[in-house]
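Hi,

Here is the model I promised to pass on.

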Amino acid sequence: MIKLALRNLLGHKLRTGMTFGAVLFGVISLVLSGGFIEDMFIQLREAVIHSQFGHIQINAQGFFEKGARAPDRFMIDDPEPLRRQIARLPQVADVMARVSFSGLLSAGRTDRSIIGEGIEPNRESKLGTFIRIESGRALNDQDQYKIIVGKGLADAFKVGVGDRVIVLVSTSGGALNTLEFEVVGTFRSFSRDYDGRAVRIPLADAQELLNARGINTLVVSLKDSLDTVRVAGLLARQLDAEKFEIKKWNELTDFYDKTVTLYDRQFGVLRLIVLIMVLLGVANSVNMSAFERVGEFGTMMALGNRRIDVFRLVITENVLIGVIGSSTGLLIGVVLAWVISAIGIPMPPPPSSEVGYMAQIQVVPKELALAFTIGLVATVSASIFPARRVTRIPVVDALRQNV
């Protein structure tokens, strides 16, 4: 049956080519579009992780619910033993401490509310690869009473490198405290909202400003983002749940999950459209091929072949076209993905961001398997109805087509 099917396919090159082309186009489209969407998810994930949140954050219990208004009430007083415990995990690249605060930034006669972070500059520079210094320089561990300001805040506040600003906060005891800082740089992160109200200062300065010795957050940076769920599970089993709460990066912002849900639905519609296109294209060419060969099928049945044999022959031919077309489509799609990725696709900034990026086409085994399956299933499905119709034609009527 397979030999006969191959002989028929090679004997009807034009009709075979039409069906083959429809399958090929559909599979290549699915490989490229699926790889593009997957790259978008990866770029978005890494931007969220490496601009602000890290992979995992560990805080005192209650911080995420109430800490935004009073971070000084949710402190980890002795973070070093906990830091060493986390750093021993083989998946962990680094663990850095942060102190969060909110207050007022003052320059001359202008005041503006801010959110701030006290950071360990050298460690944060390794994590924050998606934070771009727009002017001046980044903080370093030798800095004291230096500050970097979000680009949106700096523009609105009209402050730049070399200007001096005053930060005013409320301490844990309820008193007001101020420190004067020199602006050494402005930065732009993934989030426009964050850049419009964020400042960063050295960790020791933040502790002095709040009159506190502890920290609010331990930010865990992993060697591989795909280990996030596993490491979070390990930490949840090791740490006291009554003292600490653990949040993965995607739990710290709903932007990523909402975006993924949106694009998943859009890509689902795209898959459906491609599937319909392949079905219509294959059905059209198979219909033409089948009814042009009615006389051939009549001769087969007159020579003693059963109707089921004719049905099997048509299905086998289309299975071969589906397998060969889908395999060739995967190969061409992968090559095109590599070529396009080497060149890059300039993309505009995503929503709520001002930073564009260079997109690529990811080669993902799951998407390749799905594209192959859709191509094969669409081809075989489109051939079932024409195969059934031609086998129901009476032999005498079918033989007349040879005259």
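Helices here are DSSP runs of H or I with at least four residues, strands are runs of E with at least two, and both are numbered from the N terminus.

Before the rest, some housekeeping. This is a predicted model, in which local features need pLDDT of at least 70 and side-chain atom pairs count only at pLDDT 80 or more, while totals for chains, interfaces and linings use all residues. Residues are numbered from 1 along each chain as its sequence is written, and side-chain values use heavy atoms, with hydrogens and water left out.

Isoleucine 37 counts as buried at 13% relative accessibility (buried means under 20% relative accessible area, exposed over 50%, and partly exposed in between, with a 1.4 Å probe and protein chains only). Its C-alpha atom is separated by 42 Å from that of valine 167, 130 residues apart along the chain.

Glycine 35 is also found in helix α2, and it is buried with a relative accessible area of 0%. Not counting residues up to four places away in sequence, glycine 35 touches Gln360, Ile361 and Gln362, where contact means heavy atoms within 4.5 Å. The C-alpha atoms of glycine 35 and proline 365 are separated by 9.9 Å, although the two are 330 residues apart along the chain.

Now the other side of that contact. Isoleucine 361 lies in the loop between β12 (357-359) and α13 and counts as buried at 7% relative accessibility. Leaving aside neighbours within four places in sequence, isoleucine 361 is in contact with Val31, Leu32, Gly35, Phe36, Ala337, Ile340, Ser341 and Ile345. Isoleucine 76, on the other hand, is 285 residues apart from isoleucine 361 along the chain, with 43 Å between their C-alpha atoms.

Next, the helix pair. Helix α10 (residues 255-292) and helix α13 (residues 365-391) pack at an angle of about 35°, with axes 8 Å apart. For the record, axes are lines fitted to C-alpha atoms, for helices over the stretch in contact, and angles run from 0 to 180 degrees between N-to-C directions. Residues making the contact include Phe267, Leu275 and Val286 of α10 and Leu370, Ile374 and Pro386 of α13. By class, the contact has 15 nonpolar, four polar and three charged residues; Ala, Val, Leu, Ile, Met, Phe, Trp, Tyr, Cys and Pro count as nonpolar, Asp, Glu, Lys and Arg as charged, and the others, Gly among them, as polar.

Phenylalanine 385 and valine 286 are 99 residues apart in sequence and 9.6 Å apart in space, C-alpha to C-alpha.

Tyrosine 145 has a positive phi of about 55° although it is not a glycine; it is found in the loop between β4 (132-136) and β5 (146-150) and counts as partly exposed at 27% relative accessibility. Lysine 158, not a glycine either, has a positive phi of about 60°. Lysine 158 is found in the loop between α6 (151-157) and β6 (164-170), and at 71% relative accessibility it counts as exposed.

Cheers
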